[in-house]
Amino acid sequence: MSKGVVIFAINSNFNYVLAATFAAKQVKKHLNLPITLVTNSPVDSDAFDNIIIIEDNSSSQRNYISANGDSTLVQWFNESRVRAYELSPY
């Protein structure tokens with residue numbers, strides 16, 4: 001069994017790919033492990049060893065509370081994370 005890191009970044013009104021890119025660079029720096037990104041949008045970054053594009057149309061709604069305390073109902077795309085083992089090359 002090989003080791004690696006799988007990061008899910010399903011973009012919505014927040015750029016999760018940007019956050020995933022930062023996390024991937026930290027993994028490379030501190031853990032030196034290969035990284036697979038699972039996302040719903042094309043990515044042009046050398047921070048990832050593998051990029052898997054999926055369609056994630058399933059969503060639920062969550063209450064998002066911003067730094068200033070405002071509350072907003074937002075779409076939450078995280079249903080695909082249960083497929084991590086299936087999608088992982090590690």
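Hi everyone. By a polar contact I mean a pair of N or O atoms within 3.5 Å, where within protein one must be able to donate a hydrogen and the other to accept it. Keep that in mind while we look at this structure, which is a predicted model.

Let's start with Thr39. You'll find Thr39 in strand β2, residues 35-39. The side chain of Thr39 reaches the backbone nitrogen of Ser41 at 3.4 Å, so that pair falls within the 3.5 Å limit. Is Thr39 buried or exposed? Thr39 has a relative accessible area of 0%, so we call this residue buried. And what is around Thr39? Setting aside neighbours within four places in sequence, Thr39 is in contact with Ala9, Ile10 and Val17, and also with Ile51, Ile52, Ile53 and Ile54.

Now over to the surface. Here Phe14, Tyr16 and Trp76 form a nonpolar patch, and together they have about 280 Å² of accessible area. Phe14 sits in the loop between β1 (5-9) and α1 (16-30). With a relative accessible area of 45%, Phe14 counts as partly exposed.

Strand β4, residues 60-65, pairs with strand β5, residues 71-76, in the antiparallel sense, over six bridges.

Methods
Residues numbered from 1 in each chain as written. Predicted model: local features only at pLDDT ≥ 70, side-chain atom pairs only at ≥ 80, totals over all residues. Heavy atoms only, no water. Patch = residues over 30% accessible without salt bridge, like charges linked within 9 Å, V, L, I, M, F, W, Y side chains within 5 Å. Areas by Shrake-Rupley, 256 points an atom, 1.4 Å probe, with all protein chains shown as cover. Salt bridge = Lys/Arg side-chain N within 4 Å of Asp/Glu carboxyl O. Helix = DSSP H or I, 4+ residues; strand = E, 2+ residues; numbered from the N terminus. Buried < 20%, exposed > 50% of the residue type's maximum accessible area, 1.4 Å probe, protein only. Contact = heavy atoms within 4.5 Å. Pairing = 2+ DSSP bridges.
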